[in-house]
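I opened the file and went through it one feature at a time. These are my entries, in the order I looked things up.

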Amino acid sequence: MADIRTTIAGIELRNPTMLASGILGQTGLSLLRIINEGGAGAVVTKSIGMEPREGHGSPCALELDNGLLNAMGLPNPGIDAFEPEMKIALKGDAPIIASIFADDWGKFVNLATRMEEFGANAIELNLSCPHATGYGLEMGSDPVIVHQIVAEVKNAIKIPVFAKLSPTVPDIGKIALAVQEAGGDAIVAINTIKAMKIEPELGMPVLKNKVGGLSGPAIKPAGVRAVYEIAGKVEIPIIGVGGINTGLDALEYFMAGASAVQIGSGVHYRGIDVFGKVNQEISEFMDRKNYSKLNDIIGIARRP
Ligand SMILES: Cc1cc2nc3c(=O)[nH]c(=O)nc-3n(C[C@H](O)[C@H](O)[C@H](O)COP(=O)(O)O)c2cc1C
């Protein structure tokens, strides 16, 4: 059987599939279920901010032909209320990556420091949410701001720092390079893509927020392209995310240069054991093609 273990920034993963941020309510118990019953190699928490936040009103999510459209608006209980959830999630046998969002670097530092105190194994900076004014993509599309946030957070904590990027920038490699130069430990790509749905009968947008983020199968080609371009620019590991439902989807990301993957909408399409299923499909493919370890396939589509 092929060896699908992988290591990201010194964190050893029993398999390369992680839960993506924001999926499944994100209580400590739901994260624990994803580890114990779903078989994920690691889980990323919902993006957590300084204060409790309700998010955008309903409808905030809908299913389209080939993906999901959501404008949750970063609802979360705030950092203080998240400590007990972290304690529960940490009872599982897999690393917990804490996702955080803020509108300035000082708050990012504060949140990262708290999450490190709570026991998180790594921090994921959400620099890419496409539908929250003042946060996410608005900061993550500027390499100077990205550099400052990553450098300040790195300076403040000891655990690894990942930066999650959006594909809707002119040159994602340039943003990734800013993360690496600031000392960031890994890149996560991609977040959802800004999109909208109009209901012709009503002549109006379906989402309360009008605009949301597209995820699922429709965005996989954009995610694979982003990872491929990032891999051409940086040496730090890349975690691929976007439209992964099957082992073959994950393999595209590995071949583009990713060392691990995250699955979000795939939980909606295939259930919480999507992680175990995808791992099985990756192993079967590798056995059939005589690849003995994940490293044998990472970045092979980049070779001349
Ligand atoms: C309902 C929902 C909520 C999400 N919330 C977050 C979030 O809080 N923070 C974040 O960085 N990404 C969030 N995302 C983006 C996912 O983590 C992921 O990057 C994106 O959905 C693409 O992966 P997928 O096609 O496997 O779903 C969310 C996605 C969905 C569908």
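Residues are numbered from 1 along each chain as its sequence is written. The model is predicted, so I kept to these limits: local features need pLDDT of at least 70, side-chain atom pairs count only at pLDDT 80 or more, and totals for chains, interfaces and linings use all residues.

**Entry: the chain as a whole**

I counted 10 helices and 16 strands in the chain. The radius of gyration is 18 Å, close to the 19 Å of the globule rule for 304 residues, so the chain is as compact as a globular protein of that length. (The radius is taken over C-alpha atoms; the rule is 2.2 Å times the number of residues to the power 0.38.) The C-alpha trace spans about 50 × 50 × 40 Å along its principal axes.

Next I looked at burial. A residue is buried if 20 or more other C-beta atoms lie within 10 Å of its own, exposed if 12 or fewer, and partly exposed in between, with C-beta atoms placed from the backbone. By that count, 52% of the 304 residues are buried.

Then I checked contacts, meaning pairs whose C-beta atoms, placed from the backbone, lie within 7 Å. Among contacts between residues at least 6 apart in sequence, 72% join residues at least 24 apart.

**Entry: the ligand shell**

How many residues surround the ligand? I found 28, and the closest are Ala20, Gly22, Ser215, Gly264 and Ser265. A residue belongs here if its C-beta atom, placed from the backbone, lies within 6 Å of the molecule. Strand 6 (67–70) and helix 9 (265–270) each give at least two residues to this shell. I sorted the shell by class and got 11 nonpolar, 15 polar and 2 charged residues. Here Ala, Val, Leu, Ile, Met, Phe, Trp, Tyr, Cys and Pro count as nonpolar, Asp, Glu, Lys and Arg as charged, and the others, Gly among them, as polar.

**Entry: strand 6**

Strand 5 pairs with strand 6 in the antiparallel sense over 4 bridges. A hairpin of 2 residues links strand 5 to strand 6. In this pair, Ala61 stands opposite Asn70. Strand 6 also pairs with strand 14 (residues 212–215), antiparallel, over 3 bridges. There, Leu69 faces Leu214.

**Entry: strand 8**

Is strand 8 enclosed or open? All 5 of the 5 residues of strand 8 (residues 122–126) are buried, so the strand is largely enclosed by the rest of the structure. Ala122, Glu124 and Asn126 point one way, and Ile123 and Leu125 the other way. In a regular strand the side chains alternate between the two faces of the sheet.

I then traced the neighbours. Strand 7 (residues 96–100) runs parallel to strand 8, joined by 4 bridges. The bridge partner of Ile100 is Leu125. Strand 7, helix 3 (residues 105–118) and strand 8 form a right-handed β-α-β unit. (Right-handed: with the strands pointing away from the viewer, the path from the first strand over the helix to the second runs clockwise.) Strand 9 (residues 161–165) is also parallel to strand 8, with 4 bridges. Asn126 stands opposite Lys164 in strand 9.

Which peptide bonds are cis? I noted Ser58 to Pro59, with omega near -5°, and Ala189 to Ile190, with omega about 20°. Pro59 is in the loop between strand 4 (42–44) and strand 5 (61–64). Ile190 is in the loop between strand 10 (186–189) and strand 11 (193–195).

I also looked up positive phi values in residues other than glycine. Leu74 has phi near 55° and lies in the loop between strand 6 and helix 2 (79–89). Leu74 is buried, with 21 other C-beta atoms within 10 Å. Asn290 has phi near 60° and sits in the segment after helix 10 (274–288). Asn290 is exposed, with 8 other C-beta atoms within 10 Å.

Notes:
Two strands pair if DSSP finds at least two bridges between them. Two residues are in contact if their C-beta atoms, placed from the backbone, lie within 7 Å.
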